[in-house]
Amino acid sequence: VVVDFLLADSSYLQSALARKQQIPLRGQLVPILALEDLILLKMLAGRLQDQADLEKIEARRSELQIDWAYSYHRRAVGRPDDLLDEDPWYVSLGNTAQERAQVYSDWLETSVSGKEWDQIRKATQQGRVVGSGSFQDEIGSRIGRRLKGETRGRPKRVDRSEIALCPQFTAV
């Protein structure tokens, strides 16, 4: 049995661990992530194996009963939650709860392109955010971190032949 360990080094991962479920395995209770958290983490990782796992989950979607209990998605697909307010954007999707739920579900299925998922994965893996420069600056100032423009690793090597010398330092 292959086991992955999850180190909860962010508030999201800590909340994912708080939602864990216990399953019996060979006489032991083993903690596992809720399916919804597993899906999100696999989408963010984006490795080939994760993509294959997501395809298997998608193929069994109707029998798995994915809940999304901790997000607005649950309310948007027609299961109200008194702790959440109606989002004005969501209300504008239709005149009835059923119509809004259908429009939202359709939007969710088609709204994010493969290129956008790639951008989200890359930003997540680099500890950055997706958005305009001003949005990145705003989020960066709120959390006290620079979120754009820096690449990791050593600076690129400069070809010395391309450096222009000042006339006063040129040998005569």
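Is Tyr-104 buried or exposed? Tyr-104 is buried, because its relative accessible area is 9%, where buried means under 20% relative accessible area, exposed means over 50%, and partly exposed lies in between (1.4 Å probe, protein chains only).

The model is predicted: local features need pLDDT of at least 70, side-chain atom pairs count only at pLDDT 80 or more, and totals for chains, interfaces and linings use all residues. Residues are numbered from 1 along each chain as its sequence is written, and side-chain values use heavy atoms, with hydrogens and water left out.

**Figure 1. Overview of the chain.** The chain contains nine helices and two strands; helices (H or I, at least four residues) and strands (E, at least two) are DSSP runs, numbered from the N terminus. Along the sequence, these elements follow the pattern α-β-β-α-α-α-α-α-α-α-α. Of the 172 residues in the chain, 17% are buried. Among contacts (heavy atoms within 4.5 Å) with a separation of 6 or more, 32% join residues 24 or more positions apart.

**Figure 2. The packing of helices α1 and α2.** Two packed helices are described by the angle between their axes and the distance between the axes. Helix α1 (residues 11-18) packs with helix α2 (residues 35-45) at an angle of about 150°, and their axes are 9 Å apart. Here the axes are lines fitted to C-alpha atoms, for helices over the stretch in contact, and angles run from 0 to 180 degrees between N-to-C directions. The crossing of α1 past α2 is left-handed, a term used if the near helix is turned anticlockwise from the far one by less than a right angle. On the α1 side, Tyr-12, Leu-13 and Ala-16 meet Asp-37, Leu-40 and Leu-41 of α2. The residues of this contact comprise five nonpolar, no polar and one charged. In this division, Ala, Val, Leu, Ile, Met, Phe, Trp, Tyr, Cys and Pro count as nonpolar, Asp, Glu, Lys and Arg as charged, and the others, Gly among them, as polar.

Figure 3. Glu-36, Asp-37, Ile-39, Lys-42 and Met-43 are the buried residues of α2. They pack against α1, α3 (48-59) and α8 (114-125). The largest nonpolar core has five residues, namely Ile-39, Met-43, Leu-54, Ile-57 and Ile-66; such a core is a set of buried Ala, Val, Leu, Ile, Met, Phe, Trp, Tyr and Cys residues joined through side-chain atoms within 4.5 Å. At least two residues of this core come from each of α2 and α3. Neighbours within four places in sequence aside, Leu-54 is in contact with Ile-39, Lys-42 and Met-43.

Figure 4. Asp-50 belongs to helix α3. Its relative accessibility is 3%, so Asp-50 counts as buried. When neighbours within four places in sequence are left aside, Asp-50 is in contact with Lys-42 and Ala-45. Just after α2, Gly-46 adopts a positive phi of about 70°.

**Figure 5. The aromatic pair.** The ring centres of Trp-89 and Tyr-104 are 6.4 Å apart and their planes stand at 70°, so the pair is edge-to-face. Rings of Phe, Tyr and Trp (its six-membered ring) pair if their centres lie within 6.5 Å; planes under 30 degrees apart count as stacked, over 60 as edge-to-face and the rest as tilted. Trp-89 lies in helix α6 (residues 88-91) and Tyr-104 in helix α7 (residues 97-110), 15 residues apart. Trp-89 counts as partly exposed because its relative accessibility is 40%.

**Figure 6. Tyr-90 in helix α6.** Tyr-90 also lies in helix α6. Tyr-90 is buried, with a relative accessible area of 4%. From C-alpha to C-alpha, Tyr-90 and Arg-100 are 6.9 Å apart in space, while they are 10 residues apart in sequence.

**Figure 7. Arg-26 between the strands.** Arg-26 is found in the loop between β1 (21-25) and β2 (28-32). Although Arg-26 is not a glycine, it has a positive phi of about 50°. Arg-26 counts as exposed because its relative accessibility is 74%.
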